Amino acid sequence: MKPYWFKNLSPAWRARLMRVGFNLHPAFRATGGRVMHVSPDFQHIRIKLPLLRRTRNIVGSMYGGSLFAVTDGAHPTMLMSALGADHIVWDKAASIRFRKPAYTTLYVDFRLPPGEIADIREILARDHETTRTYTVELKDKDGVVYAVVERTIYIADKKFYKQKNTGGDKCLASLEGEPPP
């Protein structure tokens with residue numbers, strides 16, 4: 001949960017604080033990755049994954065777990081920042097396709113397409129929940145792709161989500177103002 005004063009900061013300072021927060025978080029630090037850039041509108045995050053002793057596997061290439069783990073949390077964080085506290089955002093599924101062994105520093109750019117937040121808000125107003133799939137590529141400085149990660153994100157209205165998990169099928173009726181069956 002964000003501190004109450006976070007919303008009072010300028011967008012540039014919020015972006016800096018998010019970058020520092022990512023880089024200091026123990027789980028993210030363990031991946032070996034470093035957040036290099038967070039855009040002030042939270043629509044773009046760039047991460048660098050250097051080939052280090054702790055990211056190198058037994059044959060000297062980048063450890064697959066580091067490639068996969070460095071992609072965890074970026075899209076949910078971007079979506080939570082854009083949608084606000086009245087929404088639930090969870091990683092639902094993920095997969096990785098390795099293209100070639102990496103013996104160099106890799107970069108990954110997370111972007112939300114233009115209009116994505118408006119589309120999500122429209123779907124949530126109608127259906128109260130949705131899933132979105134995002135694909136990112138881990139590339140070297142020359143743009144050569146070493147791995148492709150696909151993540152499916154679940155997004156819901158917080159009120160709907162809580163009722164869904166406690167009230168079963170009654171949640172949709174109560175949200176629409178109908179008495180539960």
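Helices H4 (residues 74–83) and H5 (residues 116–127) pack at an angle of about 70 degrees with their axes 11 Å apart, and they are therefore roughly perpendicular to each other, a label that covers angles of 65 to 115 degrees. This is a predicted model, in which local features need pLDDT of at least 70 and side-chain atom pairs count only at pLDDT 80 or more, while totals for chains, interfaces and linings use all residues. Residues are numbered from 1 along each chain as its sequence is written, and side-chain values use heavy atoms, with hydrogens and water left out.

**The contact of H4 with H5**
- Leu79, Ala82 and Leu83 in H4 meet Ile117, Ile120 and Arg121 in H5, where contact means heavy atoms within 4.5 Å.
- By class, this contact has five nonpolar residues, no polar ones and one charged residue.

**Helix H4 and its end**
- H4 is mostly covered, since eight of its ten residues are buried, that is, under 20% relative accessible area with a 1.4 Å probe and protein chains only.
- The buried residues of H4 include Ala74, His75, Pro76 and Leu79.
- Just after H4, glycine 84 takes a positive phi of about 95 degrees.

**The nonpolar core**
- The largest nonpolar core has 35 residues, and Leu79 and Phe110 are among those with the most contacts inside it; such a core is a set of buried Ala, Val, Leu, Ile, Met, Phe, Trp, Tyr and Cys residues joined through side-chain atoms within 4.5 Å.
- Elements giving two or more residues to this core include H4, H5 and strand E6 (145–157), and E6 gives the most, with five residues.

Notes: Axes fitted to C-alpha atoms, helices over the stretch in contact; angles between N-to-C directions. Helix = DSSP H or I, 4+ residues; strand = E, 2+ residues; numbered from the N terminus. Parallel < 35°, antiparallel > 145°, perpendicular 65-115°, else oblique. Nonpolar A, V, L, I, M, F, W, Y, C, P; charged D, E, K, R; others polar. Buried < 20%, exposed > 50% of the residue type's maximum accessible area, 1.4 Å probe, protein only.
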